[in-house]
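Q: I have not looked at this one before. Can you take me through it?

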Amino acid sequence: MASFARFIRLTLSGLAFLLVISMAGPCGAQQINPTASSVNEQQLLQEFDRIQGRVSIPDQRSGILIQPAGREWREFRDLTLRWIGGITILGMLAVLIIFYLSRGMVRLESGRSGRTIVRFNSFERFVHWMTATCFIVLAISGLNITFGRPLLLPLIGHEAFSDWSQWAKYAHNFLSFPFTIGVVLIFLMWIAGNIPNKVDVDWLKRGGGLVGHDHPRAYRFNAGQKAIYWIVVIGGGLVAATGYALMFPFYLSGIEGMQLAQIVHSIVAMLFIAAMLAHIYIGTIGMEGAFEAMGSGTVDVNWAREHHALWLEEQNARTSPRPQPSASAAE
Amino acid sequence: MARMKFLCDADRCIECNACVTACKNEHEVPWGINRRRVVTINDGKPGERSVSMACMHCTDAPCAAVCPVNCIYTTADGVVLHSKDLCIGCGYCFYACPFGAPQYPKVGNFGSRGKMDKCTYCAGGPEADGSREEYEKYGANRLAEGKLPLCAEMCSTKSLLAGDGEIIAQIYKERVMKRGYGSGAWGWKTAYRETIES
């Protein structure tokens, strides 16, 4: 009898098990739309500006599926930047030519005294020219990336233009290092003379003496030179930082960060080039006796008196007890 | 002339990565470069979809527009190709591309990225069709042999379609009609500025 009771128990529990299975199984086979809950391209793009997912390959950056922002960047690179560059650089050149034709070279009004005073020592000149040479190569190779294709490529053909651009790119990448060192050294060695002060306000009010025969007083650096200093330090710092972000892709940001870096890099570079054209002008054909400061490192005492009267007084006070400029500086 | 396009039917892609493997093998793609990849969105969640993506061979391709040395061109079939002899590895195409297609063999190597590499739609490069130089630089030229890209040919679920844009759009529309749903042609709006109405 015990075996019969066990048989009943087993059968009942078996039936109960089957009932549970059948209840937990698929409930009906009605038509469902699997896309109703699925991700949607347009919705994702509106929400996040880009579509991202998971990839099983090691290159995790390829997990970004679609990122349409490149289109706006393309607009900037092909159109906006060319206008910005064209207007600032050609505009600056035009202003300088008009200024030169109307004003001419700023002459040394009291003539040369024959005595000179040291303005920049050899280390300062070395740093200046290292930075300047790098800047010129960087500027030309950079302008080639923006303007080479429409202007130079049709003239020299595909092969020659690619060869030149390849070398220009290498030069651009490698000379960025001495350029950056130069900017840092310039920042450190001339910071003392470049803090804006009250004298600059007067200098600026009188237009720096660019027009007419005015000679507003200035210490070692006048307001114009201070402006150039800060353009070099801030502009140079910005182009260096953004440039390295582009040279080492993905170290700092994804593609969108690199697009932004390129925008900042190129706009600052265009403005920088325009500012440097003005700097080169006033340091060469724009002013008599100015080039010597960075050339031989010494300037005529009369030049110093006309353009940097307060600096000359400072130097004289330091080198000799007499109020008059001594001949010791020329020795 | 046909206008070649890719179309990935995300409702059929099972993320098997056969297209990725087929591409790598067919073209002997350098280590570290993936001309095609499969991205899974919302992985493991309801509504997850996988999409196989490579160069979409865009209409009015942004990469070609921004290239400083003009080394990227569109063929009569609408395929976007480039010359590795002219490429200077500047990275501009890679900033402009919405699909992450251009890649460089030397990422992060002091900015000397090497020559850009991307999907050629199995159509080689500017060298003579089927030549050794072409194969070494760009991989096989199946299009010149009258064959379609291997990724799409190999696709186990026929999710990835390659061929004339109008024909593959038609195939996709018919599928959507028959099964009653479709999540659309991923990337078409960005690449071709059109979608498939279904």
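**Helices, cores and contact**

A: H1(B) is followed by B:Glu28, whose phi is positive, near 45°. Helices here are DSSP runs of H or I with at least four residues, strands are runs of E with at least two, and both are numbered from the N terminus.

Q: How were these residues and chains labelled, and what kind of model is it?
A: The model is predicted, so local features need pLDDT of at least 70 and side-chain atom pairs count only at pLDDT 80 or more, while totals for chains, interfaces and linings use all residues. Residues are numbered from 1 along each chain as its sequence is written, and chains are lettered from A and ligands numbered from 1 in the order in which they are written.

Q: Back to H1(B). Which of its residues are buried?
A: In helix H1 (residues 18-27) of chain B they are B:Cys19, B:Val20, B:Cys23, B:Lys24 and B:His27. Buried means that 20 or more other C-beta atoms lie within 10 Å of the residue's own, exposed means 12 or fewer, and partly exposed is in between, with C-beta atoms placed from the backbone.

Q: Where do they sit around the axis of H1(B)?
A: The buried residues of H1(B) fall within an arc of 130° seen down the axis, so they line one face of the helix. The arc is that of the directions from the helix axis to the C-beta atoms.

Q: What do they pack against?
A: Strand S2 (37-41), strand S3 (49-53), helix H5 (150-154) and strand S6 (160-164) of chain B pack against the buried residues of H1(B). Two residues are in contact if their C-beta atoms, placed from the backbone, lie within 7 Å.

Q: How about H6 in chain B, which residues are buried there?
A: B:Gly165, B:Ile168, B:Ala169 and B:Tyr172 are buried in H6(B). They cover an arc of only 105° around the axis, which puts them on the same side of H6(B).

Q: And which exposed residues are on the face turned away?
A: That face of H6(B) carries B:Glu166, B:Gln170, B:Glu174, B:Met177 and B:Lys178. On the buried side, what covers the residues of H6(B) includes strand S1 (4-8) and S6 of chain B. After H6(B) comes B:Gly180, whose phi is positive, near 90°.

Q: Zoom out. How many helices and strands does chain B have?
A: Chain B has seven helices and six strands. Its radius of gyration is 17 Å, close to the 16 Å that the globule rule gives for 198 residues, so chain B is as compact as a globular protein of that length. The radius is taken over C-alpha atoms, and the rule is 2.2 Å times the number of residues to the power 0.38. Of the 198 residues of chain B, 53% count as buried.

Q: What about the largest nonpolar core, how many residues has it?
A: That core has 78 residues, and those with the most contacts inside it include B:Cys8, B:Val51 and B:Leu160. Its largest share, five residues, comes from helix H3 (residues 92-96) of chain B. A nonpolar core is a set of buried Ala, Val, Leu, Ile, Met, Phe, Trp, Tyr and Cys residues joined through C-beta atoms within 7 Å. A second, separate core of 15 residues includes A:Ile117, A:Phe221, A:Trp303 and A:Ala304.

Q: What does B:Leu160 touch?
A: Not counting residues up to four places away in sequence, B:Leu160 touches B:Phe6, B:Cys8, B:Cys19, B:Ser52, B:Cys151, B:Ala152 and B:Cys155.

Q: Now chain A. How many helices and strands?
A: Chain A comes to twelve helices and four strands. Buried residues make up 28% of its 331 residues.

Q: Where is A:Met270?
A: A:Met270 is in helix H9 of chain A, and it is buried, with 22 other C-beta atoms within 10 Å. The C-alpha atoms of A:Met270 and A:Gly85 are separated by 5.3 Å, although the two residues are 185 apart along the chain.

Q: How many residues does each chain give to the contact?
A: Chain A gives 50 residues and chain B gives 45 residues. On the side of chain A that touches chain B, the largest share, eight residues, comes from H6(A). The residues of that side divide into 22 nonpolar, 19 polar and nine charged. Here Ala, Val, Leu, Ile, Met, Phe, Trp, Tyr, Cys and Pro count as nonpolar, Asp, Glu, Lys and Arg as charged, and the others, Gly among them, as polar.
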